[in-house]
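User: Could you take a close look at one part of this model for me, the sheet and what packs around it? I'm new to this, so please spell out the terms.

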Amino acid sequence: MERGWEADPAASMRRRLGKSAKELGQTGGRDSCPDIWELDNGDIAVIGRDLTDVYAARLPEDVTIYHDERLVIIPRSMIIAAKSDIPDV
């Protein structure tokens, strides 16, 4: 089955959206750093906790997670801090 969008593995990280985990007090050190990045092709990369298996049985009916996708959780404060960096269009 062909999908409408495919991630480009050649895309590079362009800029952080919002503040770093350190600035927000959301890190336990070097090994625990949720983050949000805009890639050079405009796509968004999210670094967070992989809770795909935890949420799999309780997803809404119209939500599916394909075999190569993961459900990632980030702190609420990170998306709020990134809001001003995310364009409306």
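Analyst: Let's start with a facing pair: tryptophan 37 stands opposite alanine 45 in strand 3. Before going on, keep in mind that this is a predicted model, where local features need pLDDT of at least 70, side-chain atom pairs count only at pLDDT 80 or more, and totals for chains, interfaces and linings use all residues. Residues are numbered from 1 along each chain as its sequence is written, and side-chain values use heavy atoms, with hydrogens and water left out.

Now the strands. Strand 2 (residues 35–39) pairs with strand 3 in the antiparallel sense over four bridges. (Strands are DSSP E runs of at least two residues, numbered from the N terminus, and two of them pair if DSSP finds at least two bridges between them.) Zooming out, the open sheet has three strands in the order 1-2-3, with antiparallel pairing. Strand 1 (13–16) and strand 3 (44–47) sit at the edges with a single partner strand each, so one side of each has no neighbour in the sheet. On average, neighbouring strands here are turned by 35° against each other, direction ignored (the axes are lines fitted to C-alpha atoms).

What about leucine 17? Leaving aside neighbours within four places in sequence, leucine 17 is in contact (heavy atoms within 4.5 Å) with Ile36, Trp37, Glu38, Ile44, Ala82, Asp85 and Ile86. Leu17 also belongs to the largest nonpolar core, along with Ala21, Ile36, Met78 and Ala82. Such a core is a set of buried Ala, Val, Leu, Ile, Met, Phe, Trp, Tyr and Cys residues joined through side-chain atoms within 4.5 Å, and buried means under 20% relative accessible area (1.4 Å probe, protein chains only).

Terms used
Axes fitted to C-alpha atoms, helices over the stretch in contact; angles between N-to-C directions. Buried < 20%, exposed > 50% of the residue type's maximum accessible area, 1.4 Å probe, protein only.
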